[in-house]
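The sequence and structure are shown first.

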Amino acid sequence: MKEIVIDTGAPRNVLGHVISGAVASAVISGAINYKKAQSRQITKNEAIKDTIKRTSQGAIATGTAIATANYLGQKGGLFKAITAASIGMMGIYALEVI
């Protein structure tokens, strides 16, 4: 059976994308939670906690996506890609249930 390798370009720096994902998620969730806190839909404490949780989840999701894509671009990387995606999903789920 011939293995299919997807040309995903040059491997990307996972840590750099984790940071980018955290920043993007912090901006989005921070703005949404700020609006909710201002309209008294949630408390300031709840807004801070949710922003931290969403920021962390965004960082994990972005790092997972980049790592998975990097592995898909390697010969024999399908199992590594599935593993990376699974670990990322577990991390996001863990933060959701905390």
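This is a predicted model: local features need pLDDT of at least 70, side-chain atom pairs count only at pLDDT 80 or more; totals for chains, interfaces and linings use all residues.

## Helix packing

Helix 2 and helix 3 run roughly antiparallel to each other, because an angle over 145 degrees is counted in that way. Their packing angle is about 175°, and the axes lie 8 Å apart. Helix 2 covers residues 44-72 and helix 3 covers residues 78-97.

On the helix 2 side, the residues making the contact include Lys53, Arg54, Ile60, Ala61 and Leu72. Helix 3 contributes, among others, Leu78, Ala84, Gly88, Gly91, Ile92 and Glu96.

## Salt bridges

The whole structure contains three salt bridges. Within helix 2, Asp50 and Arg54 are four residues apart, and therefore about one helical turn separates them; their side chains form a salt bridge with an N to O distance of 3.4 Å. Asp50 is partly exposed at 22% relative accessibility, and Arg54 is likewise partly exposed, at 32%.

Glu96 takes part in a salt bridge with Lys53, with the closest N and O atoms 3.5 Å apart. This pair links helix 3 to helix 2 across 43 residues. Glu96 itself is partly exposed, with a relative accessible area of 37%. Arg54 also pairs with Glu96, at 3.1 Å between the closest N and O atoms, so parts of the chain 42 residues apart in sequence are tied together. Through shared partners, Asp50, Lys53, Arg54 and Glu96 belong to one network of salt bridges.

Val27 is located in helix 1, residues 14-38. Its relative accessibility is 56%, so Val27 counts as exposed.

Technical notes
Residues are numbered from 1 along each chain as its sequence is written. Side-chain values use heavy atoms; hydrogens and water are left out. Helices (H or I, at least four residues) and strands (E, at least two) are DSSP runs, numbered from the N terminus. Buried means under 20% relative accessible area, exposed over 50%, partly exposed in between (1.4 Å probe, protein chains only). Axes are lines fitted to C-alpha atoms, for helices over the stretch in contact, and angles run from 0 to 180 degrees between N-to-C directions. Angles under 35 degrees count as roughly parallel, over 145 as roughly antiparallel, 65 to 115 as roughly perpendicular and the rest as oblique. Contact means heavy atoms within 4.5 Å. A salt bridge is a side-chain nitrogen of Lys or Arg within 4 Å of a carboxyl oxygen of Asp or Glu.
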